[in-house]
Amino acid sequence: MHCQTIVLGAGIVGVSTALHLQARGRQVILIDRDEPGSGTSHGNAGLIERSSVIPYAFPRNLGALLRYGLNRQPDVRYSFLHLPKAAPWLLRYWQQSAPGRLASAAADMLPLVQRCVEEHDALIDAAGLGALVQAKGWIEVYRDPALFAQAKADLQGLARYNLKYEILERDQLQAREQQLEGDVIGGIHWLDPKTVNNPGGLTRGYAALFIQRGGQFIHGDARSLRQVGTQWQVNSRRGPVIADEVVACLGPQSADLFEPLGYRFPLAIKRGYHMHYSTRDGAELAHAVCDTQGGYVLAPMARGVRLTTGIEFAAHDAPGNEIQLGRCEALARKLFPALGERLDDRPWLGRRPCLPDMRPVIGPAPRHKNLWFNFGHAHHGLTLGPVTGRLLAELVTGQAPFTDPSPYSAARFD
């Protein structure tokens with residue numbers, strides 16, 4: 001089979017990229033070894049996170065570093081066996097999290113974050129997926145008075161971003177989420193983001209729109225990619241697929257493709273878990289809620305309430321465990337006592353593809369003609385899939401990009 005463009009990876013980033021290339025006249029074949037939306041795109045907290053204008057940084061406070069060093073926190077856990085391998089990457093992440101560098105990362109990511117909701121809205125409308133999405137924002141809750149006071153003070157520094165939010169004191173928080181109990185003292189309700197009650201279903205809906213518009217989805221192995229003359233070839237279940245250009249949107253599996261080609265991008269994996277729960281006595285959670293100290297999110301989903309954990313540093317192929325989930329679940333049951341029985345046989349394990357400078361790689365491969373990258377979205381793959389898909393498609397087709405792509409260039413690591 002022949003086409004103009006192969007897109008490798010059918011997560012939210014790959015499907016969105018395929019749709020944007022298709023909209024610009026490219027004949028596209030989308031290839032993945034699994035079904036669309038079944039990887040990392042399936043397992044997130046369902047936030048289209050317009051309010052995350054500051055990237056998630058490595059903690060710089062000595063007290064926080066000491067607490068994390070004990071490896072007993074619910075929001076971040078590490079495997080002792082994996083730590084020696086992860087240490088050089090963590091050092092680079094710590095260096096890039098210095099105040100000046102973090103401010104630069106925030107400025108570089110802002111054009112993407114600012115457009116994330118409207119780019120999703122366009123695809124949601126076209127695919128008829130409005131029933132999966134709500135415009136109710138999400139709430140971060142606080143149990144420590146000092147942390148809540150600091151969070152309210154930090155809002156002044158966000159004024160230039162024109163974010164919409166409401167500060168909720170204890171009574172206001174309980175009026176908005178009547179089932180929350182425990183020692184919460186207040187929260188901040190972020191109003192700009194949207195929430196998705198089935199992130200994997202949203203990705204599959206986008207893939208269905210791509211096929212409806214004439215695209216093809218084929219099962220195949222991205223690791224078989226090779227150059228054939230001036231073209232690219234990938235093996236699929238339907239035989240070899242040959243194209244003039246290829247776009248790699250492989251998320252946490254990106255190294256399987258770029259390393260054999262000679263690239264050494266500092267890609268690391270932050271693992272995370274989720275579990276679905278029933279609720280007791282018909283109780284409902286109206287909004288996605290983030291426990292800031294626990295580092296987990298409780299989100300109403302099509303399948304009950306989903307608890308999504310924070311970060312686990314471990315080998316990407318190490319077996320899953322319930323250590324972090326157990327810590328978070330214990331806190332969640334105090335915060336939301338109506339949390340009922342587990343609905344899944346085992347915790348779902350996902351892998352977030354992260355780069356130490358907190359920017360994705362979007363653009364051409366430095367040493368291979370007609371090879372393009374779009375990966376490294378860290379915690380915000382769902383949020384940024386459509387907007388980075390648009391930027392990549394503009395670059396591939398020679399259109400004027402809506403923002404300067406240089407901060408995301410692969411050449412910064414080459």
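## A hairpin and its neighbours

Gly304 takes a positive phi near 70 degrees in the hairpin of E15 and E16, where four residues sit between the strands. Keep in mind that this is a predicted model. Strand E15 (residues 296-300) and E16 run antiparallel and are joined by four bridges. On the E13 side, strand E13 (residues 268-279) also pairs with E16 in the antiparallel sense, again over four bridges.

E3 meets strand E9 (residues 194-196) through two bridges, and Ile48 has Lys194 in E9 as its bridge partner.

## The nonpolar cores

The largest nonpolar core takes in 61 residues, and those with the most contacts inside it are Val7, Leu30, Leu112, Leu202, Tyr206 and Val247. Helix H11 (residues 381-396) is the top contributor to this core, giving eight residues. Another core, of 29 residues, lies apart from it and has Val234, Leu267, Phe373 and Phe413 among its members.

Beyond its neighbours within four places in sequence, Val247 is in contact with Thr5, Ile6, Val7, Leu8, Thr17, Leu21, Trp372, Leu392 and Val396.

## Rings, and charges over them

A search of the whole structure turns up 14 aromatic pairs. One of them is the tilted pair of Trp89 and Phe313, 6.4 Å centre to centre with 50 degrees between the planes. This pair links distant parts of the chain, with Trp89 in helix H3 (residues 83-96) and Phe313 in strand E17 (residues 311-313), 224 residues apart. Both Trp89 and Phe313 are buried. Tyr142 and Phe148 make a stacked pair instead, at 5.3 Å centre to centre and 25 degrees between the planes. Tyr142 counts as buried because its relative accessible area is 7%, and Phe148 does so at 3%.

Ring pairs also tie Phe258, Tyr263, Phe265, Phe373, Phe375 and Phe413 into a cluster.

Notes:
Residues are numbered from 1 along each chain as its sequence is written. This is a predicted model: local features need pLDDT of at least 70, side-chain atom pairs count only at pLDDT 80 or more; totals for chains, interfaces and linings use all residues. Side-chain values use heavy atoms; hydrogens and water are left out. A nonpolar core is a set of buried Ala, Val, Leu, Ile, Met, Phe, Trp, Tyr and Cys residues joined through side-chain atoms within 4.5 Å. Buried means under 20% relative accessible area, exposed over 50%, partly exposed in between (1.4 Å probe, protein chains only). Contact means heavy atoms within 4.5 Å. Two strands pair if DSSP finds at least two bridges between them. Rings of Phe, Tyr and Trp (its six-membered ring) pair if their centres lie within 6.5 Å; planes under 30 degrees apart count as stacked, over 60 as edge-to-face and the rest as tilted.
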